[in-house]
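Me: Please take me through this structure one feature at a time, giving the general idea and then the case at hand.

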Amino acid sequence: RGLEGARGRSIYQSYNCGLNDCFAAVIEAAEEAGYNVFSKDLSQGIVVLMGIPHYVDTTEVGVFSTPIAGSKGVKVEIASLSSPAKRSVAQVVFVKLGKNFERVK
């Protein structure tokens with residue numbers, strides 16, 4: 001899929017949280033922002049968002065959550081074929097995660 005290919009150009013941050021809590025916070029942030037949670041799969045750690053304001057309704061933004069080996073942290077990557085939509089979603093998601101969890105440098 002296009003989102004998997006776009007991961008090489010993702011925006012990412014890491015947080016001190018468990019996968020379940022991080023995944024739930026991503027979905028909560030998206031819903032609070034009025035995004036359409038098009039699909040979500042905790043086993044794969046991916047949430048696909050659409051309906052990003054000011055962008056074409058079918059623009060997909062993927063949020064990939066991956067546990068960091070050897071720690072209790074999670075790496076959160078935001079990827080899209082649309083760089084502006086990716087940045088817009090990243091701002092919303094990272095603000096929410098930063099309020100809920102300590103950022104891992």
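Predicted model: local features only at pLDDT ≥ 70, side-chain atom pairs only at ≥ 80, totals over all residues.

Me: At what angle do the axes of α2 and α3 cross, and which residues make the contact?

Reply: Axes are lines fitted to C-alpha atoms, for helices over the stretch in contact, with angles from 0 to 180 degrees between N-to-C directions; those of α2 and α3 come within 9 Å and cross at roughly 130°. The contact (heavy atoms within 4.5 Å) is made by Cys22, Ala25, Val26, Glu28, Ala29 and Glu32 of α2 and by Val92, Val93, Lys96, Leu97 and Asn100 of α3.

Me: How does the length of helix α2 compare with what its residues should span?

Reply: Helices here are DSSP runs (H or I, at least four residues), as strands are (E, at least two), numbered from the N terminus, and the expected span is 1.5 Å times one less than the number of residues. Helix α2 has 14 residues (19–32) and should therefore span 20 Å, which agrees with the 20 Å between its end C-alpha atoms. After α2 comes Gly34, with a positive phi near 85°.

Me: Which residues of α2 are buried, and what covers them?

Reply: Buried means under 20% relative accessible area, exposed over 50%, and partly exposed in between (1.4 Å probe, protein chains only). In α2 the buried residues are Cys22, Phe23, Ala25, Val26, Ile27, Ala29 and Ala30, and their cover includes the strands β2 (36–41), β3 (46–50), β4 (61–67) and β5 (74–79), together with the helix α3 (83–100).

Me: How many salt bridges does the structure hold, and which residues are linked in a network?

Reply: A salt bridge needs a side-chain nitrogen of Lys or Arg within 4 Å of a carboxyl oxygen of Asp or Glu, and the structure holds four. Glu4, Arg7 and Glu77 are linked in a network: Arg7 meets Glu4 at 3.7 Å, N to O, and Glu77 meets Arg7 at 2.5 Å. Glu77 counts as buried because its relative accessibility is 8%, whereas Arg7, at 24%, is partly exposed, as is Glu4, at 44%.

Another salt bridge joins Lys96 to Glu28, with the closest N and O atoms 2.6 Å apart; this pair ties helix α3 to helix α2 across 68 residues of the chain. Lys96 is buried at 14%, while Glu28 is partly exposed at 37%.

Me: What should I look for in the phi of His54, and where is His54 found?

Reply: Most residues other than glycine have a negative phi. His54 is not a glycine, yet has a positive phi of about 75°. His54 lies in the loop between β3 and β4, and with a relative accessible area of 81% it is exposed.

How values were computed
Residues numbered from 1 in each chain as written. Heavy atoms only, no water.
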